[in-house]
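Hello,

Here is the structure for you to look through. My notes follow below it.

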Amino acid sequence: MGYAYVVRDQGAVHYVTFTVHQWVDVFTRPDYVDILLASLKHCQKVKGLEIYAWVVMSNHCHLIIRAKNENLSDVIRDLKKYTSKAIYNAIEANNKESRREWLLRVLKYNNRIWFWEEGYHGEEIMSIEFYDTKVNYIHMNPVRAGVVEKEEDYLLSSAGDFYGVRKGRLELNVFG
């Protein structure tokens, strides 16, 4: 499902969702998750991306993010473009991927890679109450999906950081 969301304030904190094309369960494989997380880390280090909360599910991810350089749309565009190609190429090169031919077929359209659905769902965070609601939604996603019983047990999210259980895989910024 595509969204025509427009970031009005390029320096504001936003809740965003990126969905894999046709809701394909790509992030069930650690190699593909690693590419996404490495790209997010790169954006933090090089492009000024700030991450406040996150979760990677089997076919989508939710993030609360901000661009220090007030260019959030550019950072999101670059992140999605790079990860599309990198994950598609990783699938193509993975001889152990049992779904390889099917994934390569479904993630391509008119000879072009179509990894992410067009656009992204985004909402500007304007209050601590709304921020708390979105953090809760993000962290409860794996619980609602039946993957874990407690949100802090899910390793592909920032919940462990929030509960002080473990250091997560991405550096977090403090909201407020």
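**The largest pocket**

Volume first: the largest pocket comes to about 600 Å³. Keep in mind that this is a predicted model.

The lining of this pocket has 18 residues. Those nearest its centre are Ser84, Arg112, Ile113, Trp114 and Trp116. By type, the lining divides into seven nonpolar, four polar and seven charged residues.

Which elements each supply at least two residues of that lining? They are helix H2 (72–93) and strand S5 (112–113). H2 gives the largest share, seven residues.

**Helix H2**

H2 has 22 residues, which should span 32 Å at 1.5 Å a residue. Its end C-alpha atoms are 31 Å apart, so the two values agree.

As background, an α-helix has 3.6 residues a turn, so residues three or four places apart point the same way.

**Helix H4**

H4 covers residues 128–144, 17 residues in total. From first C-alpha to last it reaches 23 Å, close to the 24 Å expected at 1.5 Å a residue.

Where is the kink in H4? It lies at isoleucine 138, shortly before proline 142, and amounts to about 30 degrees. Ile138 and Pro142 are both buried.

What do the buried residues of H4 pack against? Four strands are involved: S1 (14–19), S2 (49–56), S3 (60–67) and S6 (121–124). Helix H5 (159–163) is a partner as well.

Leaving out residues up to four places away in sequence, asparagine 141 touches Val55, Met57, His60 and His62.

Just after H4, glycine 146 has a positive phi of about 80 degrees.

**Valine 16 in S1**

Valine 16 sits in strand S1. Its relative accessible area is 0%, so valine 16 is buried.

Its contacts, again without residues up to four places away in sequence, are Cys61, His62, Leu63, Ile65, Ile76, Tyr120, His121 and Gly122.

Valine 16 and glycine 160 are 144 residues apart in sequence. In space they are 20 Å apart, C-alpha to C-alpha.

**Two backbone angles to look at**

Most residues other than glycine have a negative phi. Two residues here go the other way.

Glutamine 22 has a positive phi, near 60 degrees. The residue lies in the loop between S1 and helix H1 (30–47).

Asparagine 110 is not a glycine either, yet its phi is positive at about 50 degrees. It lies in the loop between strand S4 (108–109) and S5. Is asparagine 110 buried or exposed? At 62% relative accessibility, asparagine 110 is over the 50% cut-off and so counts as exposed.

Best wishes

Technical notes
Residues numbered from 1 in each chain as written. Predicted model: local features only at pLDDT ≥ 70, side-chain atom pairs only at ≥ 80, totals over all residues. Heavy atoms only, no water. Expected span 1.5 Å × (residues − 1). Bend = angle between axes of the 7 residues up to and from the residue. Buried < 20%, exposed > 50% of the residue type's maximum accessible area, 1.4 Å probe, protein only. Contact = heavy atoms within 4.5 Å. 1 Å grid on protein atoms, 1.4 Å probe; cavity = no way out; pocket = protein on both sides within 12 Å on 5 of 7 lines; lining within 4 Å. Points joined across faces, edges and corners; volume = space filled by probe spheres on them. Nonpolar A, V, L, I, M, F, W, Y, C, P; charged D, E, K, R; others polar.
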